[in-house]
Amino acid sequence: MSRQIRSMTPSGENCANFDVLIVGAGFAGMYMLHKCRQLGLSTRVFEVGKGVGGTWYWNRYPGARCDVESVQYSYQFDTELEQEWTWSEKYSTQPEILRYANHVADRFDLRDNIQFETRVISAEYSEADKLWVLETDRNEKVSSRYCVFATGCLSSSNVPKFEGYETFKGLSYHTGRWPHEGVNFSGLRVGVIGTGSSAIQSIPEIAKEANQLTVFQRTANYTIPARNSELTEDYVSSIKADYPSLRERARNKPAGYDIPLNSQSVLEVGREDAKIEFQRRWELGGTQFLGAYGDLLLSPDANEVAADFVKSKIREIVYDPEIAELLCPTNIIGCKRLCVDTDYYATYNRNNVQLVDVSSKPIDRITPNGILHGAKEYEFDAIVFATGFDAMTGALANIKIVGKGGNLLSEKWQDGPQTYLGLTSNGFPNMFMITGPGSPSVLTNMLPSIEQHVNFISKCIAHMIDHDFSTIEPDREAEIDWGLHVNEVAGLSLRSTCSSWYVGANVPGKPRVFSPYIGGFPRYVERCEQVAGNNYEGFTLV
Ligand code: NA7
């Protein structure tokens with residue numbers, strides 16, 4: 001059904017007006033646009049990139065792949081789309097996911113409403129006009145009744161402030177801003193800083209090409225073999241024959257991802273039996289490894305059993321015992337996001353690869369020729385910064401977002417994000433965030449989480465129009481209660497206990513708050529449905 005909002009241009013401003021403005025044309029922004037168009041709302045999307053895809057547009061580093069199985073890392077809002085698209089591998093490569101994003105943009109004719117190569121620099125709420133006014137780096141102003149941030153959880157690159165960074169004479173890259181034409185490392189001496197997921201995926205690929213590869217590791221990470229494979233026609237047909245069941249099973253899992261989970265305690269089964277199960281899951285590959293027992297992320301003793309198993313694998317795979325020890329993590333498995341790799345540990349058996357431990361003594365500086373660490377200068381032709389992202393809040397912090405009373409979102413959030421359901425924030429009426437802090441987001445399969453948020457927002461906007469409301473804003477009390485609940489459940493999991501990007505520890509000065517909601521996808525969805533069903537309980541609608 002088509003709906004019209006008769007919103008006016010803000011007083012004193014000469015700017016185009018829309019019903020909805022969306023920031024970001026990744027999977028969240030694209031689906032939000034599609035839903036707005038279905039509602040008949042005039043909509044514009046702003047996107048910095050030259051194309052759609054968001055995270056998958058920018059993260060083009062060698063080996064970039066999704067760690068969620070492709071048949072589940074896909075939209076489910078359109079059954080024809082599900083049927084016509086065929087994934088080729090168990091875990092899709094970045095180019096395939098980007099092709100999918102482009103296919104969706106073409107199929108639903110989305111591009112006309114997306115303004116590419118445009119960065120939103122500010123978004124200001126006009127209380128008098130009940131409108132959002134967005135300003136872009138093209139010196140234009142546009143206004144709208146609703147503003148939706150679909151800016152992604154891992155989209156703002158984090159390059160630590162290394163002294164001498166700008167003096168390096170060679171080539172330098174960040175994994176999250178990889179050149180579109182690709183990089184040829186053949187014959188080059190390459191340094192990689194970081195051993196997170198991006199590094200773990202790219203190191204085996206870079207090692208195959210480079211003359212020498214030196215990895216600077218601050219914290220060793222756990223990674224499980226992906227055991228990626230091509231998908232057979234039979235497998236794809238069986239999935240397509242019953243997509244709804246797969247989606248249903250996934251919806252009922254804590255991560256919105258259908259993987260085998262066992263609720264038993266590892267401490268009850270004993271180490272020897274547990275080894276057999278871990279071995280089985282190691283051979284199966286992927287993040288389901290952590291689903292082997294129900295208490296792995298609840299009890300340090302239980303966690304140690306799983307951690308010890310992975311460490312035994314590292315010692316088995318890596319020939320040099322000293323390197324193997326350096327690669328053995330000392331923290332909780334799954335506390336930082338568990339990585340999924342192809343030949344990561346084995347790469348350290350190559351003659352052209354070396355590992356430098358920077359855990360107790362940080363990198364001193366970048367020099368014109370390479371990296372200085374301790375008394376040694378490592379010379380490189382290229383440095384790869386696999387140093388991650390200002391996660392969850394970074395992309396929002398890059399935009400000057402001003403709400404009621406001229407208050408800045410960044411100031412409100414200076415001690416950590418404050419949201420109601422990870423979707424809205426008090427003082428910022430008619431503003432929504434897709435997979436914002438305080439929602440399950442990065443702890444879940446992102447695609448279903450995105451769809452659930454977009455469905456919530458679009459239903460909410462339709463409700464507003466149908467009932468002639470002009471503003472919706474979460475109540476401060478509801479926001480405080482939600483924040484307390486998010487913190488309370490975070491405290492139950494070992495995930496909140498280490499220095500990860502989940503708690504903002506990778507960005508100096510960032511408040512340490514476990515920002516994603518760890519209560520599980522089904523529980524979260526139930527809560528959102530309850531809120532909407534009770535006439536948007538916890539919100540004030542005017
Ligand atoms: P991550 O997981 O944040 O990894 C970044 C890596 O960079 C990590 O190993 C960091 O070590 C390292 N790092 C950051 N700053 C420094 C400095 N100053 N010196 C040395 N090493 C440093 O980012 P990714 O891009 O790999 O993955 C992000 C998510 O994307 C991933 O979890 C998936 O969900 C997809 P640290 O661990 O902080 O000691």
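Modeller: Buried means under 20% relative accessible area, exposed over 50% and partly exposed in between (1.4 Å probe, protein chains only). The model is predicted, so local features need pLDDT of at least 70 and side-chain atom pairs 80 or more, while totals for chains, interfaces and linings use all residues. Residues are numbered from 1 along each chain as its sequence is written, and side-chain values use heavy atoms, without hydrogens and water.

Colleague: Which helices do the buried residues of α7 pack against?

Modeller: In α7, residues 243-251 (a DSSP run of H or I, at least four residues), Tyr 243, Leu 246, Arg 247 and Ala 250 are buried. They lie on the same side of α7, because the directions from the helix axis to their C-beta atoms cover an arc of only 95°. By contact (heavy atoms within 4.5 Å), the buried residues of α7 pack against α3 (79-84) and α6 (233-241).

Colleague: How much of the ligand's exposed area does the protein bury?

Modeller: Polar contacts (N or O pairs within 3.5 Å) include a ligand oxygen 2.4 Å from a side-chain N or O atom of Thr 219 and one 3.0 Å from such an atom of Arg 337. Of the 780 Å² that the ligand exposes taken alone (Shrake-Rupley, 1.4 Å probe), the protein buries 87%.

Notes: Helices (H or I, at least four residues) and strands (E, at least two) are DSSP runs, numbered from the N terminus. A polar contact is a pair of N or O atoms within 3.5 Å; within protein, one must be able to donate a hydrogen and the other to accept it, and residues adjacent in sequence count only if both atoms are side-chain atoms.
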